[in-house]
Amino acid sequence: MSQSPVLQSFIAGEWLGQQAEKALVSPVNGETIYHTHAETIDFEKSLAFARKQGRTALMNMDFQSRASCLRDLGKYLIEHKESLYEISLLTGATRNDGWVDIEGGAGTLFAYASLGRRELPSGNLIHEDDAFPLGREGQFFGSHILVPRQGVAVHINAFNFPIWGMLEKFAANFLAGVPCIVKPATSTSYLTEACVRLMQTSGFLPEGSLQLIIGRTGDLLDRLEGQDMVTFTGSASTAAKLKVTPNIINNSIPFNAEADSLNCAILAPDVSVDSVEFDLFIKEVAREMTVKAGQKCTAIRRVLIPEAHVKAVSDKLSQRLAKVTVGDPHLDSVRMGALASFEQQDDVLAQLQQLLKSSQVVFGYEKDTLELHGSDAKQGAFIQPTLLLSNDPDADGGAHDIEAFGPISTLMPYKDIDHAIALAARGKGSLVTTLVTQDPHVAQKVVPALAAWHGRVHILNEVSSKESTGHGSPLPLLKHGGPGRAGGGEELGGIRGVKHYMQRAAIQGSPTMLSAVTGEFVRGGDTIETDVHPFRRYFENLQIGESLLTHRRTVTESDIVNFGCLSGDHFYMHFDDIAARDSQFEQRIAHGYFVLSAAAGLFVSPGEGPVLANYGLDTLRFITPVPIGDTIRARLTCKRKIDQGKLSPKGEPQGVVVWDVQVTNQHDELVASYDILTLVKKQSV
């Protein structure tokens, strides 16, 4: 029999590893399937390569092009997903488990690609908020910008999601323009390696943007610098050890930890045993106990239920768990596979023994015989789904402190909803909790209290169940992380996740200087006025700051009456002279939307041209009322250009232009302020 393949690290653009070191065995049948490599990694070379080649390659792109690259990588992984599913089965994961890891990982790439295209500018700088005046004369402004950190992101990941765990971090740091070095947990690193090989083979991965460590991190953390950062997913104890590495402390290197936590699910007292919500609760707990064999940082470890429902919940959950088929995940009939390693099996059994000191078995361990499916499954790292009942939920320790990272949960009866809230907090911080209730008033009371201790609160009832992604599914648009025991860190959360890899700086200066720095027009700065209407410019020829000051229009009573009749808006402030005089404005005023429409009539160039469509309006504010007889004019200025690389339905290349609009009256007072978004055609080549 030939020796099992040797896994390789991808370091400084090359695959490293020929000599076998540690044997990795399949938890399904105990057979050796891979070896780690014995060669030592040169981390000085690795970091230098990331900082030079990796950063240079990423900075030669921009947010928009990196977003497109993420989309292409996601497509490539989906096209080759079956090769990953085949390897995933070796980790003990079922096909359904693998879907969360493999297609969930690719889905995160798609999500961040979409976010980047939709929300980020061209270039590599984010102007975070509108500039605001710091002086009386309007020539000294302040604002904030975000720029990519000039270091390397080191990702140390857990064994339970070898692909998603890498990609959910990679998507954010890549979009931010920061190279990364990924260290997967050794026990399942062969699946991560297979994914990285596909990404490298795709041709979409810029040189140096992603490196892979198989095995030990050596002196990597000791070589990091102040612009670098570390993200960690795993046990709270390991996170505590790594974050106090002297070099990390001495150089104030950001360390983001997402740790295992004692997540809970709460069955509210308003839910009866014969309701739809009761069945939803049972289904949710059973699913979280058995998906990935309970090896999820978001899995439900504590099940908080009213004292009156202990028997009903115990019986229903036991019946559902008894139907779960356990064994070789290659078999279609199997619903729960093995733990990820025999070391993990030993750890879970040890923690279970500790839990049994304060609880009793309701279903599973030492009560029912585990039937394994698969001819070699008896040699695997399997554990039966086990449901416990806490003997004293108010006592110290037990399920409030001990986590068995497998298919094990503990029922904890509570007296009333305040007692449930107190028990939930005893976990000392977790990633997520689920509240199952039919009553909005219960949610109104409970959720704010839970939010102080949990990174995400999932409210489940019959209505939301039709679309709910479930208790244990972190989503790209929502933050993932939690306080206290959960690590105190944050990942994902949409564009928030990208900003974690960027440095925020306050900037001050004249509007013209801030415009130059941010790539956005800042009011009060220099404008560019020419004989050509800005709407007549093609996308690439239009300059930031190019502006048009329109002619004037005096608002008449006929304007107000006609607009009111056309729109159907006969609000008293526009039509009732007596009521208007008694108002704070003391006279009739024009509709705000008339002012908006009139301004468009002032600045729009009506002829056919490069401006294809108006598709949005942001930051609209009506500032000063416009009474009958006032004269208004508008200034239209090119504020920002975003090249998304898109084509019109006719196949014409186009970009997005954001226009700053200021409507003023005869006293030069600001009447209305807003941004208009338009699609502008590029010049045909």
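This is a predicted model: local features need pLDDT of at least 70, side-chain atom pairs count only at pLDDT 80 or more; totals for chains, interfaces and linings use all residues.
Visitor: Let's start with β7. Is that strand mostly covered or mostly open?
Guide: Mostly covered. β7 spans residues 141-148, and six of its eight residues are buried.

Visitor: And β24, how many bridges does it share with β7?
Guide: Eight. β24 covers residues 502-509, and the two strands pair in the antiparallel sense.

Visitor: Which residue is the bridge partner of Pro 148 there?
Guide: Met 502, in β24.

Visitor: What about β5, parallel or antiparallel to β7?
Guide: Antiparallel, over two bridges. β5 is residues 126-127. His 127 sits opposite Ile 145 of β7.

Visitor: OK, and β6? How many bridges join that strand to β7?
Guide: Two, with the strands running antiparallel. β6 takes in residues 132-133.

Visitor: What does Phe 132 face in β7?
Guide: Gly 142 stands opposite Phe 132.

Visitor: Switching to the surface. Which residues form a nonpolar patch with Phe 132?
Guide: Leu 134 and Phe 140. Together the three have about 260 Å² of accessible area.

Visitor: Where is Leu 134 placed?
Guide: In the loop between β6 and β7.

Visitor: Why does Leu 134 count as partly exposed?
Guide: Because its relative accessibility is 41%. Buried means under 20% and exposed means over 50%, so partly exposed is the range in between.

Methods
Residues are numbered from 1 along each chain as its sequence is written. Side-chain values use heavy atoms; hydrogens and water are left out. Buried means under 20% relative accessible area, exposed over 50%, partly exposed in between (1.4 Å probe, protein chains only). Helices (H or I, at least four residues) and strands (E, at least two) are DSSP runs, numbered from the N terminus. Two strands pair if DSSP finds at least two bridges between them. Patches are made of residues with over 30% relative accessible area and no salt bridge: like charges are joined within 9 Å, nonpolar side chains (Val, Leu, Ile, Met, Phe, Trp, Tyr) within 5 Å. Accessible areas come from the Shrake-Rupley method with a 1.4 Å probe; for residues, only the protein chains shown count as cover. A salt bridge is a side-chain nitrogen of Lys or Arg within 4 Å of a carboxyl oxygen of Asp or Glu.
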